[in-house]
Structures are given as C-alpha cells and as structure tokens.
Amino acid sequence: MSAGSNMATGASVKTTCAYCGVGCGIEMRKLGDGGFEATGDPSHPANFGRICVKGAALGETLALDRRLLFPRIHGQRATWNQAINYVADGLKATLEKYGPGAIAFYLSGQMLTEDYYVANKFAKGFLGTPHVDTNSRLCMASSVAGHRRAFGSDTVPNSYEDLDSADLIILVGSNAAWCHPVLFQRMQAARDTRGAKLVNIDTRRTATSDGADLHLNIRPGMDSVLFSWLFREIGARAAMDAIYVAEHTSGLNEALSRARIVAPDMETVAIRTGLSPQEINAFVDLFIARDRTVTCYSQGVNQSAQGTDKVNAIINCHLATGRIGKSGSGPLSLTGQPNAMGGREVGGLANMLAAHMGYGESDVDRVSRFWNAPNIARREGLKAVQMFEAIERGEIRALWVMHTNPAVTLPRADEMRDALRKLDLFIVSEAMEETDTTRCQPHVLLPAAAWGEKNGTVTNSERRISRQRAFMEAPGEAKPDWMHMTLVAQRMGFAEEFTYESPAAIFREHAALSAFENGGARDFDIGALAWLDEGEYEALEPVQWPCPEQGEPQARLFAQGGFFTGDRRGRFVAIEPPDLAQTPTSEFPLVLNTGRVRDHWHTMMRTGLSTRLARHVEEPQLSMHPFDAAAAGLGEGDYARIESAHGAATLRVAFDEGLGRSSVFAPIHWNDATGGLARVDALAAPCTDPFSGQPELKATPVRVQRIAMRCEGFLLSRQRTEMPSWLAHARVTIPGGEAVIFASTREAMSLHALLVNHLGEAGERAELSDPASGDFRFVAFDGKRLEGALFVQPKRDAPALDWLIDSFGKAELSVGERKAILAGRAPAGLAGLGPLVCSCFAVRETAIADAAREGAEDVEAIGARLKAGTNCGSCRPEIRQILNKLAPARQAELAA
Amino acid sequence: MRRILVIGNGMASVRFVEELLRAAPGRFDVTVVGAETSPGYNRVLLSALLAGDVKQDDILLRGRDWYEANGVRLLTGDPVISIDCELKVATLASDETIEFDHCVFATGSNPIKLPLPGIDLPGVRAFRDLSDVDAMEVCASKGEKVAVIGGGLLGIEAAYGLARRGADVTLVHVMDRLMERQLDAPSAALLRRAMARKGVKVLLEKSTQAILGDDHVCGLSFTDESSLDLSQVICAVGIRPNAALAKTAGLDVNRGIVVDDAMRASIDGFFAIGECAEHRGVAYGLVEPAYAQARTLALHLAGAAAPFEGMVLATNLKVSGVPVFSAGEFLEPEGADIVVMQDRANSIYRKCVIANGLLIGCILVGDTDDALWYLDLIRAKTDISLARRMLVHGRAFAEPLLTPPLADRAA
C-alpha cells in the first residue's frame, strides 16, 4: 500500500527533511510508479541542494504498511468522535479529581511548530498544567540552558554560512560526519578551499575525526576542563578582546577565577582530560592564532549531567575573544531533530512558558492576556525525567505522548514502561502502529499524519524557519496533531480559543504572540510573519528569526552586545569542576557512551523502512577497544551482555581502536519494534544536569560479560515475523520483506525448530541439516521466487546473508541460483560483496577494494570510477579507511 | 604363445580381453566362450533397452569382426560344461574341447530364484538377459498387469522399463524402503514418489507367500493375506555368483570363486573376475569393480603388478528423470557426521557422511552431476575438512575450498 497523492507525475513539492536539525530543503518529485524521489533543494540556504543519504532515501519510507490508520480505545478501533470524547472526559475527570498538576504532555522535536503551539497553549493555558516537556530534553536542553545563562535568551548567535568563512572549526561531542553530514561536507569544503582547520574533540575517534586536522580523544565529561584551560590561556596570552568584554559582558573575573580551580595547571588538565600537553597546546595555539572560529557542539556536550556547564565553558571562550555573532565566528549548537528549535520557540519545554517567555510574573500575565487564559499555569513544570518519575510515583495521572517513543529513549526505560501502566489516562498520538510506546497499552491511540502528509513549519539549528509541505494525503483517518488537540479543546469547552482551521492560522497566532508587547525585549520575534495570508504562508520562503515587524531578519546576533539579560550584557558563567554523575566502580568498571550510526535516526521508525539505509549497519553493536574486549574475554563478533544498575542489553562486539580505554559505545536506535535485547537507553541512569534537566545518556557505568552464543543466524520473510522477546535480534528492511539477524544461547536445532514455526506454512521447502556442526537451514520457494529463509549456524555467515537478501529481491531465480540458495553462496564462486559502504549508490566494500587494486588511489578516484562518496559524502571517511587498509598491500605489489 | 581360455562373454570378459590386447599385444592366444548366442553385450544397459532408451545394436560391446581382427577366437551359444584342471582342458556343450595354459572365469552371476510355490510357472521370469528383455517387451506392449518382485536396483529398473513400455506395473518389496542397501529412508521415499510419478505402484513390506496360477501365472499372494491379480511376474530379488563350474572343477569357492589381489584362483593358472569372483570375502555385483579386476588380471598376465585391493561401492540408478547415486557408508555409522540437504519441490536429496575429516559415503537423489567427484573424494580419502561446510552443496561450491588459499600454504 502506498499513499495517495493527487500530484501529477514529474511534479514536485518543496519541503524540509524529516530528520536532523540541519533542516535541509528538499524537493519531493512524483515518479511514474506513484512513488516519490527526494532531491536537495538548490535554493535552500541550509543545504544549497545537497542532501545526505537519509534524506535521499525519504522516498523509500512512505509505504503505509505499518501505519496507524484509525483511532483506538483500549486497543479496539473507535471513531474519532468516541476517541475525542474519551480523551476530553478523561482529562476533565483528572482535573476534577487531582487538579491540573496531574496532567502532563510529552512532546517531540519532530512535531511541527503549529502542533507544538497548540499543545503548549492547550496544556499550559487551558488545562493549566505546567508539565509540558519534550524529547528535546534528551537532545539539546543543555544548550538552551547554557544559552539562557550566557545570553539571557535561548539564542543561537550564528548561522551556517559562518562555517564558510571560519578559519577554525571546532567540533565538540559531535560526529557530524554521520549525524549532520550536509554541514560536515560544508566544513570539509572550508578546509579544502580556504585552509580552515578542523579540530574534533570527542571521547572516541569517529568518521568525523578522519576529516579533522586535530583529533583530541578526551575523557568522558572533561570538555569543560579543556575549555576552562583555554579560557585561562586566552587571558594569560592576552588574546582577550578587552573592549568587547568591557562593553558587552559581565562576570569575567569570577568565571576566570573558577576556571583556575577547574583547570589549575597543565599537569592536572592533562590528567583529567587524558590529553597530552602537546595536544592541549596545539589546540590552544590554534584557537588563539585563528580569529574566525566557529565552535559546533552537539549531543556529546548536551547529553550530560554537566552539559550546561560545558556549553558555558565553550561560550566563555567565545565571549572572552569577542568571537560571537560575527562572520566566521561564534558558538553554534547543532540540534538533532528537525524541529527542536521550533519547540523551543513555542515554549514546549517545562521551564519555558511560551514564545521565549518564562514564568516571570509579567510574562505569565502577558501570555495569559494574549491567550485569554485566566487559568494559565504559573510555575515551571517537571522536566522529562522528573515528569516520568512523577508518573511512577502516581502524582501524574494523565499523560499525552505525541510523536515520540519514551518507552525506548528515556533513561531507565524498562522501569518507565511499568510506570506508563499506572496512568489513569494514557493518550498517544502516533503515525506508526507498532512502536515500543504504543505497545505499552495506551488507553487511546490517535492516528497522526506523518511527514509528507502535513503542513507547517520547522526551525533548524540556525534559527531558520522553513515550511514542511504535504505532498500526499494522510492515510485512513489520520489527522495532523494540531487537530487532535483542537478537537479535544473544543470538546472541553474552549471552542472560542481553539478555532483553528489551518496551520497558517496557528502560525499567525504564534507569530503574533512572539511580537506581543515585545519591542526588542525578547530575542524571539517573528512579528513580520504575523499577517501572512494562506497563500503567503503556503509560499513562505525559508527565513531566519528574529524578523520583527519593523526591520530585517538577522543572520547573527550579539556582535555588538545587545544580550537579552536585564543589563543587556552577556554573562561569563563560573562553572563547577566537572565529574561524571556516576563514576565507574569495580562492579561497573566501563563507561557506556551512546549515539547514532550513519544511516539510522532515532528509533528507526522511519529510517527502518528504507532498504537502502538498512544495510550500512545492520544490527546494533557494542564498540569496544580491543584491550578492554580482551580483558573481558571478548573477541570481535562475540556477543556481550552489557549491564548497568538499571538495565541490560545483549549486543555483538565490534572492535574500535578509536575509543578511549574503559569507554564503550552502543547505538541508540534499536528497540523492541526493530530488535530484541538491544535497547541501550534502558541502561541509562536518571542523573540529570542541575540546570537543563538533561540526563547523562553518554556516560553510564556498565559491566560487560561475554555471552557464549550457541548459534547465530538470520531469517528472511515477506511479512513481519514475530520474534521471541528473549532472543537477541535486529530487524533489517530488505527489498521485498524483512531480515531478522539473531543469536542465541539455545541449541541450534531447537531454535531452528522454534523459529521455523514463525515462518508459517511456507511454500515449497528445502532444508539442510548438519547436526554435528550445528548448522540448520530452511528455505521456502513459491515457484521461482524465494519466499522465506531461516539459517541457524554456529556463526553468522555474512556472505550467505548478502546472497540470500539479493536473491530474496528477485522475482525469479534461475535453476542455478535456486540450487545455490541453501549453499548460501552465489553460484560460480562469486565472492562475497562485503558490507555496504556507500548507501547512495549501493557500493559495497568489495567493489571499492577491487577498484583500489585496479589503481584507484584516492577517494576521488573511487568516486570517479564507482560514484561512491560523490553524493552525500558521508561514506568518504570509510572509503579512505578501506584505501588505507589496502595501501601497504598495494605498495608491496608495486615494489614487487 | 600362451593359450588363454576366457569362460563367459559378459562385460568383465570383454573388458579383460581389451585390456590384455593392450597390455600384452600378440603374446597370448585367446579363446572366449559364451553361453548366450549373442556376442557380449552391455548388461547394464538392459534396463535402458527395456525402457526403449537404446536399441539392441547399441548395447553390443564388440562385434564379431572385432574379435576376428584381433585374433580372438569367439565361441557363442556353446557353454563350457566341464574342466579338467590338471590337464587344462575344457569341454563345451558341443563336445568340443579346448586346451589352455590359463583359464579365466568370467561367468558372472545368476538371478536368485525364490523358493516359492509357482516359481516355475510360465509368465514368471528373471531380468537378466536379452531373452528376458524380449519377453518383457511383448507383455508390456500388450498392457499386461505385471508384478516385479524385488525393490533393489534391478527391480526398480525393470519396473520402470515395463511401465515405460505400457505395462501396468506393481513393484513388490519385502523391506520397508526401496534400495535399502544403497539408500536411507528419506532418499528411498523420494525414489518411491518418483516411481509413482512414472506409473509404478510400489508395495513395501510385502512378503510374497506364493505365486498363483495353474498353467500360467495369474497372481501373487502375500503373507499379510492380501493378494494381487496379474499375468506376469519378474523376479529381481538378487544375484548369486555363477561358480558351479569352477566348484566342480575343484577350485575353492565360497559364495564366489575365491581369488587373491591378482585375481588368482586357488589352482595355479586359474583366475576369476567379475561377479563370479569373491575377493577378500566380497563378491561384487557391479560393473565397476569387474572392470578394475579385468584390468588387474590383464596387467598381471602381462607381467605387471596392479593389485586389486577392493573398492568402495557406488551405485547409479538409471531411471530417466530420477537420478540416484549412492556410495560408501550411506547410513549413519557411529561417530560419523551426517549432513543432509533436501529440496522437496525439486526432489533433490543429498547426504554426506563424514568421519575424521573424510567423506566416507554419500547419497544423491535428483541431481547426480557431482557423483563421480564425490566418489573420488571417498576413494582417494581426500581430507575434506576445509571444504566441509560446502561439501553437500556440490563440487562448484566445495572444490575451491579443498586446498588452503595460497597465503596459508606459504605460512
């Protein structure tokens, strides 16, 4: 089933990508087969036509197979009318019995600004609860808090174009090569064309490090020690912009004296950061020598119990040098979600009220008057982690979750699932039928329109508001989120305040609120957009805020001061000496870092639908330094149980020499809908930053224990196959169906017997049994087509998986191919294809190695020959690695 | 010139003469005596002849002109009836006597005759020679109801051939599966299904109690008190070495004529090859060891040593569209690994029996292209450890793995 669209073949719609905070403009073009193809929008200032592999694969993620199409009450299909009544009655009952503080909204950086605005207004203004928070709390709340401490407002002072003019780009806690590939390519261009230097500060060497001039493998949590040292050295080496500091800032001395405590001497700094004095000096020298400096930071900074201090340690250095809001100079937070920024703007965080206004008396009064909402919430609400703890304690009785998957992503996710079952009223607005959160038995499930089906705006990391435009009709009875809440609000008697009939109307109100009694007092002012009519809104070009009714949009702020503090001065912040919230112990001696892989995003509800994105990293892996692995008795490819005080996962071990010692890494994406025993956020502790409330998701003490798997294997099927929850597995979307990769401590024969049943009554069967080797294979054909397969073997047979997936996608197999299916090898001794490297052009490692042997010497030559790496470029570091690996052999050949 | 008398003109005999002519041209004066009127023919192809896949001329091994051209005296339709081992003289049915220096028994085997009431009734016959084929063709072409007793290789081929020619055939077998001496249960079941598709009804675990009829066979009765109406019976329940003449002559005979690794019988100057011989306690019933023995003996007489040391048996069923191959230890001996592959829709079955890094047996049904390759692995005792995981998938997949990659070999 695919979505309906009235567009003509060849016609296209400009919209904004569904994924990260770069906010690339894309064009969705209707194809002859009814599908869509995504290409970069050359006119969009975020990307100028470039897109990454995830964006390029958007057209593959539009199938409706797994969509939630109708409202459900207690799991049963219901009408919208019934569902709205149920929600309205439930909320009323909760209000009457427990008061507004027993209601909470948990929102998402993937909601559009208009959805966010209605949610925020409804909850805070009319239900009167302040407990409105969002998954952005897990993403960039520390940046928000850091901005507010330093600037008096949540303002990103700079723009992407500053990357083009910077002489020094510093990445802190960011694997931009994989997570923000389009911006990373822009940084690489600055390196290549202008000789800009790139410094990467991370606890592990990543693909980003391969494109950096200096990689600093810092110990977890110690970024602020390094930046405090830099701050001191800026002062000591007279690199400060004394005039800027004097005219536009305050708090220098206190912050500097605190920096002396945090970073007392080089020796201490070296020990705490794990860096050598040479490395530290090289970094300081670069910073002091190069005036035009952009520091980009991401989740490595934010997802930390000291995240806000890290942000301020960085901003302190920029304020001290006056490198802020200038061309080529400034701090630049890179957000992870398409509309985390939009959520911040409407006030979708518990410590904000609305439109960058907080809970000060005058702000509350102003918003209350604007909304005509006398019962408005008057104090800050609970932030995500605390909100769910309040649910656990039974204080919050009603929860509405929109467009996010807290059953996967929250710290202590296992216990959070239990907490959700205690709610009197649990509402989920969701596009997908099967997520870990929809499996937690919500009382009401409301089908939401998804990306591509709804209209609104998003704001990217550089404050640029762009339109997301629909190019398909919403399937079934799905509706946009703003409509869910508008209907409930109307049913609850707030019809006059919730009259919205289009996203444009909501946007106008949002823009009007930003300008309401503003007069330059608040950074967020988009008053110029408050009068857009439907046509103008539809045609809205990407625009940066602030864009007040009088004056032009601003690309940069604060170069001439003008901060949004009481005295309009920027604040130096005296930070605390950092320590991890929980330090390793003898029981939990390793530190677990978490993050993304290149081709997946969040809990894979969208990227998991694409066959192209599925093959770069097929399963969640636990990356370990070989020394740490050896100490735990683990070899590469072994399985390990990784365990914290809160949860456990079972993952395959991959060696990564780029990791610091005692530091391990696992991806965040996999969950019970896309795998088994693979949810790493279940391990995370609920330790939060004191200012931002953001949990420390990247430094959890864990222990690792080898699991002696008795068999490994894979299953291919046309339909989704239920898998036992105790089985370590990962689902991979493949052409024509799905593959499940698994490993088990059970006997191969019994596991095979069990899983064969899961394949159901397959057609013509063929089998192989080799009990002595523990090798059992089953395949089913329908005529000349492969219908299903189950291989249970002592060890995973990767070439067999490749070959079977390849065969599974064919409409017809030749006799020779069919004979080769059980063998798990293509006939005529075709070599294994190797892992997928370039997702854009489906180029595999073997092809790259072959081209290298035939004389392609560098990444450019590989690109010229195979096209690999010539689109989004995110695989270029990997291509370089393959070439480097082969280089000694090539040289030996040449010598011989 | 030394005189050699070859008794019998079957496949072992002809191959022996060929090998001798090649190994020792002009050194022997050879006389071949055959009991059948036709010069030696390829008995293995009798089933193909019956099935109509070949013509009678096609199965003739050598024409009379060939014997003539090579100076070999051929006497047919005139069996040897006695031998004087001391005088080294053989007497033929026609009373002719032949003196010799060496005597080679290549008398083959006789079909086993079931000790059943009615076994001698008209319409009951074996499947052994051209005359049997002629008779079977006649009854098949009339669409008669025929039972073949014996579900071994020969019985299956007879049943298939009869069905091909139009007979209404029932194959009666006393065991629980066909070809139980070459196949395991799953492969035998596949074969049974394939036979059913060819129009042959198969009755298993049927023990014949009596062959019914007064002046001509008209049915079978079984020990389970069931019965079958029919007008022809083919008995194909096995063969026995044809060693009566040798025994009478005074040679040592157990099941067959006892020979050593050079094919020498118990009396100097006497030899035996093929189905009539018993080597190291084994009387082979297949052509391949017979050929090997023929070669051994020819070389021995030519003065070269090429001892026959026994042979792993391999069986090929020649029923078109149902290729079946079995070799070596095909069941599941203690301590052996069994790897089985089965593709039901394509009626393909493969089983490899592996012990100590060696392939010691295999069964192939449905696809026997690699049969000889497997047989070589078994006979040559090739170490298959490196190719083990691909072995069952056939030569294309496994052969490249048999030898370690170059890099490993250098190390």
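Residues are numbered from 1 along each chain as its sequence is written, while chains are lettered from A and ligands numbered from 1 in the order in which they are written. Because the model is predicted, local features need pLDDT of at least 70 and side-chain atom pairs count only at pLDDT 80 or more, whereas totals for chains, interfaces and linings use all residues.

Strands are DSSP runs of E, at least two residues long, numbered from the N terminus, and two of them pair if DSSP finds at least two bridges between them.

The contact between the chains takes 17 residues from chain A and 16 residues from chain B, where contact is taken to be C-beta atoms, placed from the backbone, that lie within 7 Å. On the side of chain A, strand E31 gives the most, with 7 residues.

Chain A is divided into domain 1 (12-61), domain 2 (72-137 + 339-500), domain 3 (141-333), domain 4 (590-707), domain 5 (711-821) and domain 6 (836-895), with bounds that come from an automatic or database domain assignment. The C-alpha centres of domain 1 and domain 6 of chain A lie 27 Å apart, and their contact takes 4 residues from domain 1 and 5 residues from domain 6.

Chain B is divided into domain 1 (2-110 + 239-301), domain 2 (124-235) and domain 3 (323-410), and the C-alpha centres of domain 1 and domain 3 of chain B lie 35 Å apart.

Definitions and conventions. Two residues are in contact if their C-beta atoms, placed from the backbone, lie within 7 Å. Helices (H or I, at least four residues) and strands (E, at least two) are DSSP runs, numbered from the N terminus.
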